2 protein chains.
Amino acid sequence: MRKLGLIAGGGALPLSLAARCAASGRPLFVARLKGMADPDLAQYAGADIGVAEIGKLFSTLHQEGCEAVCFAGVVKRPDFAALKPDLRGLTLLPGVVAAARRGDDALLRHLLGLFEREGFAIEGAHEVDRAMTLPPGPLGRYALGPEHSADLAQAIAAARTLGGFDIGQAVVVAGGLVLAVEAQEGTEAMLRRCAELPTHLRGSPEARVGVLVKWPKPIQDRRVDLPVFGPDTIERAAAAGLAGIAGEAGGVLLLQRDDLIAAADRLGLFIVGISPGAEAGS
Amino acid sequence: MRKLGLIAGGGALPLSLAARCAASGRPLFVARLKGMADPDLAQYAGADIGVAEIGKLFSTLHQEGCEAVCFAGVVKRPDFAALKPDLRGLTLLPGVVAAARRGDDALLRHLLGLFEREGFAIEGAHEVDRAMTLPPGPLGRYALGPEHSADLAQAIAAARTLGGFDIGQAVVVAGGLVLAVEAQEGTEAMLRRCAELPTHLRGSPEARVGVLVKWPKPIQDRRVDLPVFGPDTIERAAAAGLAGIAGEAGGVLLLQRDDLIAAADRLGLFIVGISPGAEAGS
C-alpha cells in the first residue's frame, strides 16, 4: 500500500482515518495543521505545519515518501491577509486567493491541483476507509416512514439545486416547508436555528416531523469536503424535532459511526442513505 | 375609486397603505387582524377580526361595501390546531390546512382563491400605492460600484433559483461566497447571522463587501407577500458589513421610504433596483 500523507484539519475525521491506516498496516504520515488538528494525532508519525507553509508541507511529504495525500477534517477559510506563508507559499498565495474569490469549490479545486502538480495522488476519506460512508438504506433501528417521504424528496431536490450554486450541502424540510438552508454558518448553526422556530412549524420529541438532508454538491470534487454526519448531527436534529436525517448513499461521511447509530436509536430518529437516481421513488 | 378592504397584519405596511388611501380620498375599511395589526390603525374605519373568523371577515367586508381587498403586513403562519374558527372558518379550514402543507406559496394562493370566489378583487400593496415599490436604478446617495457587480449577479441568480423552490426570497453574497440564504427564519435573523460570521468572510464598516438581494419568487402571486425593504433592513445589512442592498425593480416593497433612504445615506450603503432581464449585464 502506498504511503499516505494525511493533511489533518480539526474534528474527529482525521483521527478515524489515522486509526484505520494503523489497523490495516498502511504506512502513514500526519501533517497536523497548526491550531486545527486534534492533539491526539501526535501518537502517529507526523509534524505540525502552518496552513500557509506550503513549501514545508510539500518537502516534508516528499521526504517521508508519501505518494498520496488525503485532506481530512475541518479547515475554516483562513483570513488570507493574516497568513504567514513560507517562500513557496508566497508564490502560490495569489492564485489561492484568486480561487477563493470564486467560492469554496473553486478554492478546493485549486488546492487539489497544486498537490497533483507536485506529484501527489489525492485520496478522498471514503477511499482511505470505504466503511466510512453512508450505506444505502436504513442505518440503525428506525426506518423512514411513508409520512416522511414527501419531505425527503423535497429536501433532496432543494439540496441538489443549492449545491449547483456552490451554496451549502444541507437543507431541512418539515411538513412541506423548507425550514432552513445551510450556507457559511454550517450545519450545527442551521439546526440550532430550526430548534428556535415556532413549534407548530416543526416537530417535537413527541411527534417528530421533517428531515435533514445532506448531499454533495454536483460540481464538487468528491475527494474533499464530502458532507458529514456525526453524533452531534443526530443530537441537533433531535432538538429541532426532526424525524430523521438522510443523505446520498456513498456521498456522506460518517463520523463515530457506532455513537452516531446509538444516538439515533436512543432518540428515535431514522438515518437513511438514498442511492443517487433513486430519490424520485423514495 | 372602489372601496378597499385592507386586511391588516403586523408591521408598518398597513399603516402606510391606509394613510395613502386617506390622502387620495379612497374609501377604506380596515380589518385589523387580532394580535397582529398595529393599534394605530384604529384611527381608520375598521374592525378587529380573528385570523380564523373567516365568516365574520367576509360578511363585514360585504356589509361595508368593499369591492377589493388588499392583504398587507406580517401574518405569521398560525398554529392551525390552536385556531378558533367561526362556522364559515370551520368549513374552510381543512382546505387551508391542506394547502399550508404544500408550502407558503400554496397557502397564499388558496387564501386568495377563497376571497376571489367570495366576489372580491385582490389588489397588491404595490397596486394600492404605486410609489411604494423599489424603482429601477440607485436610490439614495450611493451607487453600486463595479466591484460589487459580480456579487450582485451571483446573488440574483441564487435568489431566483431558490424562489423557484418556494424557499426564501433573500440571499447574501460577499466576495463570491454565498454567506446566507433565508428560509423560515426571516431576513432579520439571516442578516444577524451574517454579522456573526468571521470578519474576513465579510466586509466591515471600513471596507464594505457584499450585497443582500431580495427577489420575488417566480412562482408567487405578486398580489401578496412581495419582499420588503425597510430602515431595519439597512441597519442590519450595515451591521453585517455589506456594501448595499438590491432587489427587483417593481418587485420589492419599500417601507418608510424616507427613513430607508436616510439610513442608507448615513451608513454608506447603496440601494439599487434591477429591472428583470437586465441583471446579467449589471
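Visitor: Leaving aside its neighbours within four places in sequence, which residues is A:V213 in contact with?
Guide: Happy to start there, keeping in mind that this is a predicted model. A:V213 is one of the residues that touch the most other members of the largest nonpolar core. Beyond its sequence neighbours, its contacts are A:L152, A:A155, A:I156, A:A159, A:Q169, A:A170, A:V171 and A:A246.

Visitor: Which residue stands opposite A:V213 in β11(A)?
Guide: Let's look at the strands. β9 (residues 211-214) of chain A pairs with β11 (residues 244-248) of chain A in the parallel sense, over four bridges. Across from A:V213, the residue in β11(A) is A:A246.

Visitor: Which strands of the six-stranded sheet in chain A stand at the edges?
Guide: The sheet is open and its pairing is mixed, with the order β6-β13-β11-β9-β7-β8. Its neighbouring strands are turned by 25° against each other on average, direction ignored. Two strands have a single partner each, so one side of each lacks a neighbour in the sheet: β6 (137-139) and β8 (177-181).

Visitor: In β13(A), what is the bridge partner of A:L139?
Guide: β6(A) and β13(A) run antiparallel and are joined by three bridges. On another pairing, β11(A) and β13(A) run parallel with five bridges, and there A:E248 has A:I274 as its partner in β13(A). For A:L139, the partner in β13(A) is A:I271.

Visitor: How many of the residues of strand β13 of chain A are buried?
Guide: Take the faces of β13(A) in turn. On one side A:F270, A:V272 and A:I274 are buried, and on the other A:I271 and A:G273 are buried too. For β13 (residues 270-274), the count of buried residues is five of five.

Visitor: At what angle do helix α2 and helix α3 of chain A pack?
Guide: These are α2 (residues 54-63) and α3 (residues 87-100), with axes 6 Å apart. A:I54, A:G55 and A:F58 of α2(A) make the contact with A:R88, A:G89 and A:L92 of α3(A). By type, those residues are three nonpolar, two polar and one charged. The packing angle is about 115°.

Visitor: What is the area buried between chain A and chain B?
Guide: At this interface, 28 residues of chain A are in contact with 28 residues of chain B. A:F165, A:Q184 and A:H200 supply 23% of the area that chain A buries there, more than any other three residues. Carbon and sulfur atoms give 69% of the total, and that total is about 2,300 Å².

Notes. Residues are numbered from 1 along each chain as its sequence is written. Chains are lettered from A and ligands numbered from 1 in the order in which they are written. This is a predicted model: local features need pLDDT of at least 70, side-chain atom pairs count only at pLDDT 80 or more; totals for chains, interfaces and linings use all residues. Side-chain values use heavy atoms; hydrogens and water are left out. Axes are lines fitted to C-alpha atoms, for helices over the stretch in contact, and angles run from 0 to 180 degrees between N-to-C directions. Contact means heavy atoms within 4.5 Å. Ala, Val, Leu, Ile, Met, Phe, Trp, Tyr, Cys and Pro count as nonpolar, Asp, Glu, Lys and Arg as charged, and the others, Gly among them, as polar. A nonpolar core is a set of buried Ala, Val, Leu, Ile, Met, Phe, Trp, Tyr and Cys residues joined through side-chain atoms within 4.5 Å. Buried means under 20% relative accessible area, exposed over 50%, partly exposed in between (1.4 Å probe, protein chains only). Two strands pair if DSSP finds at least two bridges between them. Buried area is the accessible area (1.4 Å probe) that two parts lose on being put together, summed over both.
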